[in-house]
Amino acid sequence: MITEAKHEAAPPLLDVSHLDVVYRAKGFRRTPFRALTDVSISIDRGRTLGLVGESGSGKTTLGRAIVGLVPVASGSIRFEGEEISMLSTRRRRRLSRDIGVVFQDPYSSLNPAMTIEAILTEPLTAHGMSRRDASRRVGALLDSVQLAADSGRRLPREFSGGQRQRIAIARALALEPKLIVCDEPVSALDLSTQSKILDLFIDIQEQTGVSYLFVTHDLAVVRYISHDVAVMLGGEIIETGTGEIITSTPTHPYTQKLLLASPVPDPERQAARRREYMRLT
Ligand SMILES: Nc1ncnc2c1ncn2[C@@H]1O[C@H](COP(=O)(O)OP(=O)(O)OP(=O)(O)O)[C@@H](O)[C@H]1O
């Protein structure tokens, strides 16, 4: 008898559902503080979700909850279908192979006393790779972020901000993660360096199929890099949609206000302006 094969849709790579995070009362806060309320997002393989919102809206908290740095009060975080919000430290550690992180500040995120080779081999040897194999992999990692092969012998202070962010990206890539949480990774860089690093993120995604949760407060950055966008306000997701729609015709008044405050350049209008300029000169 011929039976019809059942094709169940694969779960999204990351599926966050009805997530609440509450920080304990501490310092000036005398009562517990609810930083995330009923947050739901999902990211498919090879896709980028831009997470946008003003300072204090909860973007970093969501990224930290996903990588296990902040405890979850309720709701779920599923990675490849497996619930990960309540894992033991040991299982979490194994998961840290699959979920990498790149932080905002390239100046404080690298240990100033370690050579670049030591920085890049550390996660590899911590996950059981021999020192010799790890050291061999450093060359490939430096190459993937377009840094010279002899960079391994140098210290972080010998590099510019953009180069340090390349090193931080190489470190995040070391264990071949499936998802990288990128927390404002370009906001400390000047504009021309920003666009080079964004292009690097895009190239790496095309080559490896990695997914990104890309936290930023800048709609222009989100437009450039994201397939999908979620907008946060006061610990809640208030609007989601494709990058193009959210950065051109958002429906929520708050997103419209964000867009007015930092208009996203329209590529067609820019091209028309360039053509007009060429005609006149
Ligand atoms: N460890 C903590 N304990 C208590 N409250 C915290 C803690 N970390 C963050 N918060 C509070 O949670 C809220 C969300 O902070 P979060 O850093 O997630 O926002 P954000 O959108 O990433 O802001 P920014 O862009 O400034 O980093 C803020 O009101 C912040 O003060």
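Leaving aside its neighbours within four places in sequence, which residues is valine 181 in contact with? The list reads Gly63, Ile66, Val67, Ile99, Val101 and Leu213. Keep that set in mind as we walk through the model, which is a predicted one.

Let's start with the overall picture. The protein has 10 helices and 10 strands, and of its 281 residues, 36% are buried. If you take the contacts between residues at least 6 apart in sequence, 68% of them join residues at least 24 apart.

Now back to Val181, this time as part of a core. The largest nonpolar core holds 66 residues, and Val181 is among those with the most contacts inside it, along with Leu51, Ile66, Ala170, Leu179, Ile180 and Leu213. Helix 5, residues 161-173, supplies the largest share of this core, at 6 residues. The core also draws on both domains, with at least three residues from each of domain 1 (14-98 + 176-280) and domain 2 (113-174). As a general point, nonpolar side chains in soluble globular proteins tend to be buried together.

Strand 1, residues 14-23, pairs with strand 2 in the antiparallel sense over 7 bridges. To find your place in that pairing, look for leucine 19, whose bridge partner in strand 2 is valine 39.

Is Leu62 buried or exposed? It counts as buried because 28 other C-beta atoms lie within 10 Å, and the cut-off for that is 20 or more. Not counting residues up to four places away in sequence, Leu62 touches Leu36, Val39 and Leu51. For a sense of distance, the C-alpha atoms of Leu62 and glutamine 205 are separated by 22 Å, with the two residues 143 apart along the chain.

Leu51 takes us to another set of strands. Strand 3 (residues 48-52) pairs with strand 9 in the parallel sense over 4 bridges, and leucine 51 stands opposite alanine 230 in strand 9. Strand 9, residues 228-233, is mostly covered, with 5 of its 6 residues buried. Strand 9 also pairs with strand 10 (residues 236-242), here in the antiparallel sense and over 6 bridges. Alanine 230 comes up in this pairing too: its bridge partner in strand 10 is threonine 240. Strands 9 and 10 form a hairpin with 2 residues between them, and glycine 234 in the turn has a positive phi of about 55 degrees.

Finally, turn to helix 4 (residues 131-144). Its 14 residues reach 20 Å from the first C-alpha to the last, close to the 20 Å expected at 1.5 Å a residue. Ala134, Val138, Leu141 and Leu142 are buried in this helix, and what covers its buried residues includes helix 3 (116-126) and helix 5. After helix 4 comes glutamine 146, with a positive phi near 60 degrees.

Note on methods
Residues are numbered from 1 along each chain as its sequence is written. This is a predicted model: local features need pLDDT of at least 70, side-chain atom pairs count only at pLDDT 80 or more; totals for chains, interfaces and linings use all residues. A nonpolar core is a set of buried Ala, Val, Leu, Ile, Met, Phe, Trp, Tyr and Cys residues joined through C-beta atoms within 7 Å. A residue is buried if 20 or more other C-beta atoms lie within 10 Å of its own, exposed if 12 or fewer, and partly exposed in between; C-beta atoms are placed from the backbone. Domain bounds come from an automatic or database domain assignment. Two residues are in contact if their C-beta atoms, placed from the backbone, lie within 7 Å. Two strands pair if DSSP finds at least two bridges between them. The expected span of a helix is 1.5 Å times one less than its number of residues.
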